[in-house]
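Hi everyone, thanks for coming. Let's have a look at this one together, and please have the structure open as I talk.

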Amino acid sequence: GGETWRGRWQNNDIVAKILAIRECNARVSRDFNEEFPKLRIFSHPNILPVIGACNAPPRLIVISQYMPRGSLYDLLHGAAGIVVDTAQAVRFALDIARGMAYLHSLERIIPEYHLNSCHIMIDDDLTARVNMADAKFSFQERGRVYQPAWRSPEMLQRKRTDRNWEACDMWSFAICIWGLATREVPFAELSPMEAGMRIATEGLRVTVPPGTSPHLHKLIKICMNEDPGKRPKFDMIIPILEKMKR
């Protein structure tokens, strides 16, 4: 969460995101200086790095490159005029899987990152990129759950220490694929709070409509295994998507 501004910086079109924090004391300012460089991940084409930051209490700002096409959520549910057929859905899914596999290879050095279609940015050439500016810092409010419709039941139920992050991300990835396949917003008819409660306690799940690509349908089911330990890793998903892309 936080306000987002568009601007120019060192001849680049950029987005500056002002972090939503209760108070910016000396410790928070120090933690920000330690944590934001971990988001400067320039080494992977499917990751959109934080390119700079501004530590100016009471404001903490992260800066990233401006993506004119916006997020995957904007592309799917706005008036982008881009046809997301099954082939394009597979390309986006493959981009996201590659970006997430790379993040998972980094020994969780980054602050918290929650995968959902709002946090995936789309480049001019329709490359999907995992947006590091959407990572959560250690000092940001922990209690609030944003976009619970993309979160796994155990993530909504368990303490942070009891979660398998990789498995939680895989569930969120399944919801992203579901959105690509259906062009729908998960549980759009419910308030976020109600969706989160019912996913956690009543077994509320997305349903895959008839007519969905059988390959995508199968992949969604595999990635949404109710047993977190049985969900695949991203590097296992990449070859499946590469095969589907051919």
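Let me start with a question: which residue stands opposite arginine 59 in β5? It is alanine 56. Before going on, a word on the source: this is a predicted model, where local features need pLDDT of at least 70, side-chain atom pairs count only at pLDDT 80 or more, and totals for chains, interfaces and linings use all residues. Residues are numbered from 1 along each chain as its sequence is written, and side-chain values use heavy atoms, leaving out hydrogens and water.

Now the strand pair itself: β4 and β5 (residues 59–65) run antiparallel, joined by six bridges. Strands here are DSSP runs of E, at least two residues, and helices are runs of H or I, at least four, numbered from the N terminus; strands pair if DSSP finds at least two bridges between them.

Both belong to an open, antiparallel sheet of four strands, ordered β1-β2-β5-β4. β1 (2–9) and β4 (50–56) each have a single partner, so one side of each lacks a neighbour in the sheet. On this sheet packs helix α1 (residues 26–35), touching β2 (12–19), β4 and β5, where contact means heavy atoms within 4.5 Å. The direction of α1 makes about 165° with that of β4; axes are lines fitted to C-alpha atoms, for helices over the stretch in contact, and angles run from 0 to 180 degrees between N-to-C directions.

Over to the other sheet: it is open, with mixed pairing, in the order β3-β7-β6. Its edge strands are β3 (47–48) and β6 (120–122). β6 pairs antiparallel with β7 (residues 128–131) over three bridges, and methionine 121 faces arginine 129 in β7.
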